[in-house]
Amino acid sequence: MNEFKQRPVLGLIAQSVALVAALLVLVVSVLLIADHVRLLQMDPLNDPTLLELRDQLANTTDGSEAVVEQIRTYDFYARRAFFGNQEQRRAGGALLLVGALVCFAALKLSKHWKPRLPTVGKPDTPSHWEMNNLFRQLMAGTAVFLVALSLFLAFAVQSDLAMVLEQSVEQAEMPAPHVAQASLPVPAEELKSNWPALRGPGGLGVAHFTSAPVSWDVESGDGVLWKSEIPVFGFNSPIVWGNRVFMSGADEEGQEVFCFDADTGEELWLKTIVSTVELPEVSEDTGHAAPTMATDGTRVFAIFASGELAALDLDGNLVWQKNLGVPENPYGMGSSLLSDGQRLFVQYDHEELQKVMAFDCATGKPAWQTARHHISWSTPALIETEAGPQLILNDEENVTAYDPATGKQLWTVTCLGGEVAPSPAFNGKDIVFVANEYAQASALKLNGGTPEILWQYDEYLPEISSPVAGSNLFFISTSAGDMICLDAATGDVKWEQEFDDGFSSSPVLVGDRIYSIDLGGIVYIMEATDEYKEIARIEMGEAVYATPAFMDNRIYIRGEEYLYCIGK
Amino acid sequence: MKRYVVPPLGGFSRAGSLWTSRLKAVLHTLAYVFLFCGVANAEFRFPMPEFASGYEHPAVHTPIPSNAMVGWDVAVLIAALALASFLVLKRRKRREIFLLTMFSMIYFGFVRNGCVCSVGSVQNVMAGICDPAYGVPLTVLIFFAAPLIFALLFGRVFCAAVCPLGAIQEAVAIKPVKVPPAVEKVLSVFPYIYLGLAMLSVAMGSGFLICQYDPFVGVFRMGASFSMLIFGGIMLVLGIFVARPYCRFLCPYGVLLNWCSKLSRRHAVITPTDCIQCGLCADSCPYNAINEPTPAEAPEARSKGAWRLGVLILLLPVLTALGFGVGGLLKEPLSRLHPTVQLAERIAGEELGRYEGTNIESEAFRASDTPNEELYAEAVELKAGYGRGGRWLGAFIGLVIGCKLISVSILRKREGYEPDRGTCYSCGRCFKYCPVKE
Amino acid sequence: MKPEENRGRRNFVRGAAAVLIGGTVLSAGRNRSPKLVWQIDPEKCTQCGRCATHCVLAPSAVKCFHSYSICGYCDLCGGYLRPDAKGRNTGAENQLCPVGAIKRTYIEDPYYQYKIDEDLCIGCGICVKGCDVFGNGSLYLQVKHDLCVNCNECAIAHACPSDAFKRVPASEPYLLKSDLERRIS
């Protein structure tokens, strides 16, 4: 039998069949790939129209019939598209397989009917020796390529893990030189004799001067040392260092930091912080300058809704400035700054990214940062415990303590909920208090490890204003206008008092008195004792959102339009 | 002021107002349930009801995996290997070999979905060696060993007609062009690299690379990830012109078969009797697997060749050492094959603020409450392992390159046209081109 | 070199190779196991949704299983109804399942039975999450072995973020949440 017999007609037929089958295969493949690409872009089960309709339904209260009807229709189409597509793919795959089978079978047959005749020793085949030489050269080239590829990969692939481990080793081994080149620590006493942050030293709402005035009259000016107009509005509170008062303000036009003479009320300077990014959309209730400034005694720090963080010296000269990334936040940036004299702490918990950062006060260099996992509008508090200082942060779920030197998490307790704005409170010794509307108030007893929950209370809870604690008592003021005093050790209600207007400003404990200002601008002064006793109620004559600053014989109150210095 | 989202706590109670109306009955049920299965019930939010209507729980459909074919697979494998050996060595008919190849493609491929195949079984065996706790089923052991034993006896008859991956490529090899022999030899280093990588991956526990990048299993199953299908499609289209591209330039199991086949007791021959050196067969082989007779006159002096060989033999340890050194540098990129290292890098990157938010893996990890340090420690240990493994991988590749250089530089005496025992797939194409008949 | 010598050496090397193969097989097989299949450990599963997308089969061989014996038969079912659902009927606007694979039937006041239609289920695990958060956790994902082709390396196992896939003996191929379950094969 001649294995090389030619049957040209049969061969030609087979070739034509193969061609047709190949075209079919090509068309089906293109269709399937196109279908896949289309499906990548449009996921029928997560059809945007359907999702939008579902949202719409969720936001209506009555459950509108028309929307329901639309959802049902769209859902039906989505499912039909999904399953129909799967069916199409299966059919396409089977068609592809059959087409390929026919094509290859026909090609094999055509080869059988029109076999290629054997040829002998092609003239262009390189000889044995040349081939070997060529091989050696190519092999050497390949080896060089492999080495180069390896080197490239070795240097191209960088390890974040190595960096994190290096950092932790650095932090563990040489904290001393790191601090030496950074700013010098400020004595705690000096911080305490000023009002360096929101709610005073450590952000705890406890004043160390107990000589604040208890009577004044804004209208007549009795007991009011001075009153100055505030150049730019902002929800933040005044801070005081020595004989200077600092505040910030911002709107779509610009971001400003300004300074007043504490004795005369003269505006000493106003510095514009130029934003390096486009200003984000913020809620009117938060504005562009909700976070209160902080100071380490040498510099003042301000942050705005744009994520722009700036350090200025006390004369208003820019020391450093950086943008921390525009926060994605439905209301805007709310958390205020806090400094321990060496480091500036920024709680940066937003929708996409949550972290707490510490910067060197002098240089602005990041000292550490630690990832967090929930959004928050609360301001950190810095407490002194037996085991050393702890930085306490609130978020949607947890209270978490960090080591202010390294950023290492010390403990965390899940006891919060809702959208948290109030800061933690501290009894000065061993109990941390947290509270938020839609969760509860909790007292956490520090014991070295994870604190135990002493008691919880869930009746009147704060929404914006932060609670404050004395050594035996714990005070809450609510947005509905209630003021509650609880026993710090047991959580028993000592007294409850209802006022006309809600509180946004936080109460401050001044010796054995509590100062609290409601939204209508009425300053309530009451005794910080087991029984409710009002000392005075004084009208400021304008709305007050900010927490006042307490210095020796003086109170600085930021109203909506004016800054007041109460005292002599 | 603020927008409030009331958390849906306690939003789900059993039947709303119906619940209270049936309080008495329910209390009764509760008491009953707590009495009889108090402990088991403690973890559930809702008590399991007692039905008054005599309703019974429907049964759950739990079909057991089909086990019937497993014994058959082994039997078919052995029978196919034996038949292939017979066809290649005795019958010497290309068409019959091809029919068996098509049978294997249909049975091991489309019917049995291409799993487990001998190519992948290398990894199971390696896993069995490295991890004493990993049990290798007998079927897999036979799938690994039988083709190798047959290769030791009769050459690569497994590739010729049994391997489903080889078969599908054999089916599409319509118009094979000849790859220049020098290029072919250089590309044949890649299966060694692939084998080395796959073994390293298994030894370190980062998964079965060969299965993840199997180009044809998606075709056999009529479904796979898009990229796998595209890879398979490209391989098949390429296979029309470059016969068996996977077998020649990637298949890691082919490396082992190549070694065994070099030692084969009986290998397929082109001519049944003496070669008349017509050269017709050399043209028929699409795999460059037919060695020509030694050329009569050498264009270079014998001494020059010997000197070069000496240099290359001395180069062998140098190349191995170079590979050893370079391989060690690959610690970082290689370790990224491992999911734990990937996760640790991701978490570390998140801590550094390098990523916006989390991904599925890091979320699952954070939900597990494992401390970061534990993960980091594990990743560091794995990386060290990859560092060591990378060195051995590099040394292995250096050694292979050195050996290949030496092997082409040795002058072998050949009287006639012979199949290369290592690379010949015993496909039988050359049989019909040989004019010498028995 | 004489051909006989050559042959003797070849035989020796061949024998050595055979011994090597045998040794490899023995050392790999010292811990021989029965046939193994892939299964999901419901305790580890985090319902990431990859079971629906990463299986080599379409639709996935992973399906939602329902352990009736631990189900509360709630009217207000967290696995069946969307958390923001306004009603409790079977309307598409209320259902959590994107493909409508859960069939709800009334048993007796106030109990409803939920049954998974395996032909429709795509193994996305959305209902599992709902049942875990608001219910008894009687819904969970399992690999269905009449569908699974038992890949040497399961593609979903490779993609699983919580390491929930494991190999189990083919004789006990399911990790059911309740042993009280009546089964049919």
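Residues are numbered from 1 along each chain as its sequence is written, while chains are lettered from A and ligands numbered from 1 in the order in which they are written. In this predicted model, local features need pLDDT of at least 70 and side-chain atom pairs count only at pLDDT 80 or more, whereas totals for chains, interfaces and linings use all residues.

View 1. UniProt, in an unreviewed entry, places the feature "transmembrane region" at residues 12-34, 91-109 and 138-157 of chain A. UniProt positions follow the numbering used here, feature names are shortened, and annotations may be inferred rather than shown by experiment. Residues 12-34 of chain A are 100% helix and 0% strand. Their end C-alpha atoms lie 33 Å apart. Residues 138-157 of chain A are 95% helix and 0% strand, with end C-alpha atoms 28 Å apart. Helices (H or I, at least four residues) and strands (E, at least two) are DSSP runs, numbered from the N terminus.

View 2. The unreviewed UniProt entry gives "transmembrane region" for residues 66-89, 98-121, 141-168, 189-210, 222-243, 309-330 and 392-411 of chain B. Two of these are described here. Residues 98-121 of chain B are 75% helix and 0% strand, and 25 Å separates the end C-alpha atoms. Residues 309-330 of chain B are 95% helix and 0% strand, and 31 Å separates the end C-alpha atoms.

**View 3. Helix α4 of chain A.** Helix α4(A) covers residues 128-156, 29 residues in total. From first C-alpha to last it reaches 41 Å, close to the 42 Å expected at 1.5 Å a residue. The expected span is 1.5 Å times one less than the number of residues. Which residues of α4(A) are buried? They include A:Met131, A:Asn132, A:Phe135, A:Ala143 and A:Ser150. A residue is buried if 20 or more other C-beta atoms lie within 10 Å of its own, exposed if 12 or fewer, and partly exposed in between, with C-beta atoms placed from the backbone. The cover over these buried residues includes α9 (181-187), α17 (302-329) and α21 (372-409) of chain B.

**View 4. The contact between chains A and B.** Chain A gives 49 residues to this contact and chain B gives 51. Two residues are in contact if their C-beta atoms, placed from the backbone, lie within 7 Å. On the side of chain A, two or more residues come from each of α3 (65-113), α4, α5 (160-173) and β14 (366-371). Helix α4(A) gives the largest share, 16 residues. This side of chain A has 26 nonpolar, 14 polar and nine charged residues. Ala, Val, Leu, Ile, Met, Phe, Trp, Tyr, Cys and Pro count as nonpolar, Asp, Glu, Lys and Arg as charged, and the others, Gly among them, as polar.

**View 5. A four-stranded open sheet in chain A.** The strand order is β2-β33-β32-β31, with antiparallel pairing. Strands β2 (224-229) and β31 (549-551) of chain A stand at the edges with a single partner strand each, so one side of each has no neighbour in the sheet. The twist averages 15° from one strand to the next. Axes are lines fitted to C-alpha atoms, for helices over the stretch in contact, and angles run from 0 to 180 degrees between N-to-C directions. Five bridges join β2(A) to β33(A), residues 562-566. Strands pair if DSSP finds at least two bridges between them. A:Ser228 has A:Leu563 in β33(A) as its bridge partner.

**View 6. The contact between chains B and C.** Here 65 residues of chain B are in contact with 65 residues of chain C. Helix α6(B) gives the largest share of the chain B side, seven residues. That side has 43 nonpolar, 16 polar and six charged residues. Two bridges join β1(B) to β7(C), residues 183-184, and these strands run parallel. B:Val60 stands opposite C:Arg183 in β7(C).

**View 7. The surroundings of B:Asn258.** B:Asn258 lies in helix α15 (residues 252-262) of chain B. B:Asn258 is buried, with 21 other C-beta atoms within 10 Å. Beyond residues up to four places away in sequence, B:Asn258 touches B:Gly422 and B:Thr423. B:Tyr425 is 167 residues from B:Asn258 in sequence, yet 9.3 Å away in space, C-alpha to C-alpha.
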